[in-house]
Amino acid sequence: MARATDVTKAQGDLYLERLTKSFGDFVAVDDLSLTVPQGSFFALLGPSGCGKTTTLRMVAGLEDPTAGRIKIGEADITELKPFRRPVNTVFQNYALFPHMDIYENVAFGLRRRGIKDVKTQVMEALELIELAQVAKRKPAQLSGGQQQRVALARAIVNRPAVLLLDEPLGALDLKLRRQMQLELKRIQTEVGLTFIHVTHDQEEAMTMADTVAVMNKGVIEQLGAPTDLYESPKTAFVANFLGQSNLFPAAVLEVDGEDIVLEDSDGRYRMPMNRVAPSVSPTRGGRVLVGVRPEKIHIERLAESDATPADGNYVDGTVRSSSFMGVSTQYEVATAGGEIISVFAQNLSARDLLSEGDPVRLTWAPRHGFVLNGSEDMNAGVEAVTAAAG
Amino acid sequence: MSVDTSTGQAAPERLSAGRRVRRWLGANALRVYMGIAFVYLLLPVAYTFLFSFNDAGRTNLTWQGFTFDNWLNPCGAPQVCQSVVNSLTLGLLVTLVATILGTLIAFALVRYRFRGRSTTNLLIFLPMATPEVVLGSSLLALFLNIFVPLGFWTVMIAHVMFCISFVVVTVKARLASLDPRLEQAAMDLYASEAQAFRRITLPLVAPGIAAAALLAFSLSFDDFIITNFNSGQFTTFPKFVYVSATRGIPPQANVIASAMFFIALALVVIGQVIGVRRRKG
Ligand SMILES: Nc1ncnc2c1ncn2[C@@H]1O[C@H](COP(=O)(O)OP(=O)(O)OP(=O)(O)O)[C@@H](O)[C@H]1O
Ligand SMILES: [Mg+2]
């Protein structure tokens with residue numbers, strides 16, 4: 001047996017400090033800093049080509065950073081060879097060894113470290129991914145989804161301090177995907193590994209991760225708990241990339257105590273100051289973007305509520321289109337000021353359905369809106385979502 | 001076409017003959033073509049094989065009668081066996097040296113970016129593109145000018161030189177199709193560079209290296225022109241056959257040629273059988 005490789009025993013939080021990677025003139029990862037607490041499930045979410053894989057490859061040691069440091073706990077692993085890092089990767093393209101059977105693929109890491117009971121551990125890992133029956137097959141004889149699960153088992157079996165997953169569930173069908181998500185989450189909490197999970201799928205990121213980082217063009221736009229990110233996006237990109245948002249331009253009228261008052265051609269909006277993104281300067285006349293999620297908007301027929309609502313923001317308009325989606329109905333409402341606002345209304349009763357041309361009033365609670373910097377592109381991240389879905 | 005389909009029902013008998021021929025050709029054209037190609041390829045071999053049983057006296061050009069004597073005593077004619085042994089020794093040594101050197105060059109060319117890389121890439125093709133006569137005579141001039149006595153070693157140097165090109169090209173093709181991420185995955189799974197090379201790269205490139213070695217051996221064993229220029233008194237099998245052609249090629253040469261053909265055939269068949277077994281098992 002080959003002599004065991006001495007892997008560093010480093011434990012602790014993973015730190016990326018001012019990490020940069022350039023390929024020639026092109027900056028793939030730009031001055032990126034983040035901390036992933038030990039034992040947490042961290043999701044890296046972003047459109048294609050934003051630098052997710054490159055970041056993971058630097059953590060794994062397969063790519064040399066142009067600048068910056070990588071640490072696990074106290075140990076600086078920036079200069080360490082990949083095989084000395086307590087880090088394993090589930091590769092985006094699987095990278096299974098074609099000349100070895102599934103068993104040997106999974107056993108590879110254990111054997112290199114000179115572990116004793118290879119067989120039990122490998123079979124356990126194969127049971128976990130429900131592929132024990134194909135242990136003797138070659139990778140080429142498996143389906144894409146099966147190969148992906150083998151890639152997962154091959155990394156997990158080593159119980160590394162940090163596990164990097166580069167879209168590990170992309171090739172699976174929905175059912176298997178949900179199942180593997182639960183398995184992954186279970187393994188992660190049980191064994192207490194640090195997971196860094198790269199995905200295109202925002203739903204996956206939000207259901208699984210403790211912390212989600214939204215990445216765009218080599219930088220992290222925003223990082224936080226899934227609910228924080230969803231409820232209080234700080235940039236238009238995040239607002240559009242995570243779920244759907246209505247964004248429309250407005251101007252700052254005044255700051256009134258705890259609230260900010262905004263105005264556009266459809267009326268005035270009042271929101272608490274804590275709903276304002278830090279990049280916004282709340283000076284009179286300053287351009288901002290008002291954001292509100294479609295499901296936070298209440299829609300009702302205008303004739304029934306002529307009085308101005310006391311608490312809350314509102315816009316009047318007419319229904320331009322409606323699409324019935326079972327649990328909810330999606331309306332597109334055109335406002336007098338020329339904005340198109342989409343609304344998800346729960347289907348409480350079929351009689352309440354509105355139809356095209358109906359005059360409606362849209363209202364939402366002040367704390368449900370958010371205010372972004374007006375210089376941002378309202379559509380940032382929209383194309384990215386469409387591309388990722390297509 | 002439309003007429004065909006409408007009248008096809010009315011007069012099936014009349015059309016069927018021509019159609020049948022065409023259909024038969026459509027189904028069997030490939031087989032017929034293959035048969036012709038095989039005859040073309042194998043007729044000379046069959047002829048060689050047949051004349052290895054010729055009870056030839058002085059010359060093996062005309063059929064004199066059937067005998068097993070040549071097969072029972074393949075070394076009967078002077079120098080036949082010595083030349084075969086020479087060719088085999090030379091071939092093995094050339095294969096070893098050319099395969100090792102060529103593989104190393106291929107790795108360097110595919111894996112590393114260095115100054116003169118594209119030039120090397122180009123120069124590697126030269127021995128393949130240059131006519132053998134030119135190559136052979138130039139080498140002869142070189143050896144004479146630096147006073148190297150002709151013989152086994154000069155032939156070997158000459159063979160290694162042109163075999164390397166073929167080895168490089170063959171191994172390079174295999175290496176280029178190898179995903180570098182496999183090696184990275186191995187290193188990610190705690191394999192050092194050396195282990196990743198031995199356990200991942202080498203096994204995956206091995207078929208290419210083996211093919212290159214076979215190619216080198218057959219090229220060396222086969223070569224006559226360059227050998228003839230640079231061998232001096234040293235005699236390989238092709239050279240023996242050529243030289244004896246003036247006096248009449250002994251039937252033992254046919255025996256050895258036929259035997260080599262069957263050995264090669266057997267090796268291929270065994271290789272295939274093992275391959276099929278391994279895939280099933
Ligand atoms: N070796 C390389 N040389 C040059 N450019 C590269 C290299 N590797 C990556 N890039 C570029 O860096 C950018 C980020 O690539 P990366 O693979 O990290 O994207 P990603 O976020 O993983 O995308 P995806 O979701 O499609 O996998 C891309 O624009 C890519 O073209
Ligand atoms: Mg990627």
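Me: What should I know before I start?

Reply: Residues are numbered from 1 along each chain as its sequence is written, and chains are lettered from A and ligands numbered from 1 in the order in which they are written. The model is predicted, so local features need pLDDT of at least 70, side-chain atom pairs count only at pLDDT 80 or more, totals for chains, interfaces and linings use all residues, and side-chain values use heavy atoms, with hydrogens and water left out.

Me: How many residues surround ligand 1?

Reply: A residue is near a molecule if one of its heavy atoms lies within 4 Å of it. Here 13 residues surround ligand 1, and Ser48(A), Gly49(A), Lys52(A), Thr53(A) and Thr54(A) are the closest. Sort them and you get four nonpolar, seven polar and two charged. For that sorting, Ala, Val, Leu, Ile, Met, Phe, Trp, Tyr, Cys and Pro are nonpolar, Asp, Glu, Lys and Arg are charged, and the others, Gly among them, are polar.

Me: Which element gives the most residues to the shell around ligand 1?

Reply: Elements are DSSP runs numbered from the N terminus: helices (H or I, at least four residues) and strands (E, at least two). The top giver is α1(A), with three residues.

Me: What order do the strands take in the open sheet of chain A?

Reply: Two strands pair if DSSP finds at least two bridges between them. The order is β2-β1-β4-β5, four strands with antiparallel pairing. β2 and β5 are the edge strands, each pairing on one side only. Seven bridges join β1(A) to β2(A), five join β1(A) to β4(A), and two join β4(A) to β5(A). That last pair forms a hairpin with two residues between the strands, and Gly73(A) in the turn has a positive phi of about 60°.

Me: Where is the kink in α8(B) centred?

Reply: The bend at a residue is the angle between axes fitted to the seven residues ending there and the seven starting there. In α8(B), a kink of about 25° is centred on Cys163(B).
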